[in-house]
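Here is a short tour of one structure, taken a piece at a time. Have the view open and follow along.

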Amino acid sequence: MSVEDSVPVGRIKTVVVLVQENRSFDHMLGWMKSINPAIDGVGNDREHYNPLSTADSNSRRVYFGDQSEYVDPDPGHSIQAIYEQVYGVPFSAGVTPITPPGVVHPPMNGFAQQAEKEQPGMSATVMNGFRPAAVPVYESLVREFAVCDRWFASVPTSTQPNRLYVHSATSYGLTSNDTMKLVEGLPQRTIFDSLDEAGFSFGIYYQYPPSTLFYRNLRRLKFVGNFHQFDMTFKDHCKKGKLPNYVVIEQRYFDLNMLPGNDDHPSHDVSQGQKLVKEIYEALRSSPQWNEILFIITYDEHGGFFDHVPTPVGVPSPDDIAGPEPFYFKFDRLGVRVPALFISPWIEPGTVIHRPSGPYPASEFEHSSIPATVKKLFNLKEFLTKRDAWAGTFETVLTRTTPRTDCPETLPEPKKLRPTGAAETEKLSEFQTELVQLGASLNGDYAKDIYPRRLVENMTVAEGARYVQDAFKTFLEECERCRKDGEDGSHVVVVSPTEDAVGPRGKRSLVEKMFSCLSCNQS
């Protein structure tokens with residue numbers, strides 16, 4: 001069905017955001033075209049293909065199929081890997097421009113070729129997607145609410161730069177992890193700042209230490225109370241109608257036998273991610289706030305999996321900060337298309353949103369659309385960057401004049417797809433490594449000679465999970481000390497280094513306490 005160009009705002013008082021990990025649209029939702037032909041997805045198993053070699057016209061073709069279940073290992077998704085996936089040729093520093101001039105529609109023909117370089121046989125992994133029945137929670141949401149089939153990652157690179165765009169419409173020049181900026185925290189203004197200044201509330205419901213602490217401003221003492229442990233508080237806040245205006249759900253990024261990862265990052269079982277979405281939806285659906293809620297699900301980036309829709313080029317840089325060498329990326333093109341779902345009683349069943357109608361002729365839906373839409377829904381004063389000023393907004397999905405009363409109260413129960421237990425003894429993924437290094441910036445270990453590399457080089461998933469939990473505990477203890485010492489709410493909490501190895505912190509001198517909270521000018 002079509003979506004009207006404009007709709008009254010004010011009916012939505014709570015926006016809930018869940019950003020899952022590393023899956024493309026075609027991989028997760030492409031085969032949903034079988035239940036709604038309006039979706040720009042996959043119609044049959046001979047519709048889309050990649051050659052194993054783009055340089056060989058006689059190369060074997062790998063067609064996109066529907067055989068995804070448990071996916072392991074993790075495909076390539078660095079900026080140079082994505083370049084080859086999108087343009088079909090390898091990136092060569094100093095020779096190949098990271099945004100080739102004159103290529104308006106990238107061919108999207110290098111996924112199979114690049115995957116085989118990662119590991120022989122991986123082309124079959126990236127050139128497959130899930131049947132609707134394999135992801136039953138999403139199948140139900142696609143039928144009952146809205147799917148956007150033209151939502152792109154903000155940057156053609158890995159996890160963390162894209163996650164930064166979700167709440168700030170910029171990565172502040174990052175195209176990969178920067179361990180020194182991690183220590184200080186990223187300084188850009190965020191949608192959390194805009195909401196707070198306008199008198200609106202926000203809450204971050206975390207299952208592991210929250211990645212939103214990559215933002216420096218969220219380390220301010222006054223925001224400590226905005227972080228809530230998901231398992232202990234989320235359902236209770238839903239039940240009591242206490243959800244804030246802007247809700248961010250942070251999932252389990254580490255995969256353990258007792259607490260499986262539910263962020264959908266390979267090699268995590270996507271059935272755990274389906275369970276998380278089901279849990280969130282059912283808590284929201286039973287809340288007295290249900291008729292005031294808009295729930296958004298998307299993915300940070302495509303994770304190396306095939307998608308057939310060309311990535312948009314010619315987009316505005318958010319802040320004119322160029323990326324580092326050897327790419328010197330100008331943030332002038334988007335990443336690969338990723339899933340996006342909108343859930344609210346104000347949405348008609350089976351809605352499909354394609355590209356936005358503005359604010360500019362070339363505007364697209366991407367992660368900056370979230371702060372842009374929040375600005376519109378809550379009538380905030382200003383945009384964060386030139387990127388969210390350009391991005392399409394999705395309040396137009398709320399087409400009904402009255403809320404529905406027939407929204408399902410429960411969603412299907414997903415079935416386990418992984419035949420084995422969690423790989424707790426495996427090495428950390430790139431994002432898990434960044435989270436451990438974030439932990440080191442929170443607990444004081446950033447000043448030790450083990451930071452950043454030796455800290456993580458031999459760390460297992462289980463060890464990383466314990467480390468980040470302990471690091472966040474140390475940070476919260478420091479916040480409490482700062483509060484008792486009478487520090488102002490605008491201070492950024494910084495744990496001073498100690499000589500001890502990772503573990504419980506002992507008592508500190510008055511001098512150490514004085515330097516544990518540093519004043520930070522408003523960005």
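## Strand E1 and its neighbours

Strands E1 and E8 (residues 246-250) pair in the parallel sense over four bridges, where pairing takes at least two bridges found by DSSP between two strands. Leu18 has Ile249 as its bridge partner in E8. E1 also pairs with strand E9 (residues 293-299), again in the parallel sense, over seven bridges; there Val16 is partnered by Phe295. Strands here are DSSP runs of E with at least two residues, helices are runs of H or I with at least four, and both are numbered from the N terminus.

E1 itself covers residues 14-20, and seven of its seven residues are buried (under 20% relative accessible area, with exposed over 50% and partly exposed in between; 1.4 Å probe, protein chains only). Thr14, Val16, Leu18 and Gln20 point one way, while Val15, Val17 and Val19 point the other way.

## How the model was read

This is a predicted model: local features need pLDDT of at least 70 and side-chain atom pairs count only at pLDDT 80 or more, while totals for chains, interfaces and linings use all residues. Residues are numbered from 1 along each chain as its sequence is written, and side-chain values use heavy atoms, with hydrogens and water left out.

## Helix H13

Helix H13 (residues 430-443) has 14 residues, 13 of them buried. After H13 comes Gly444, with a positive phi near 100°.
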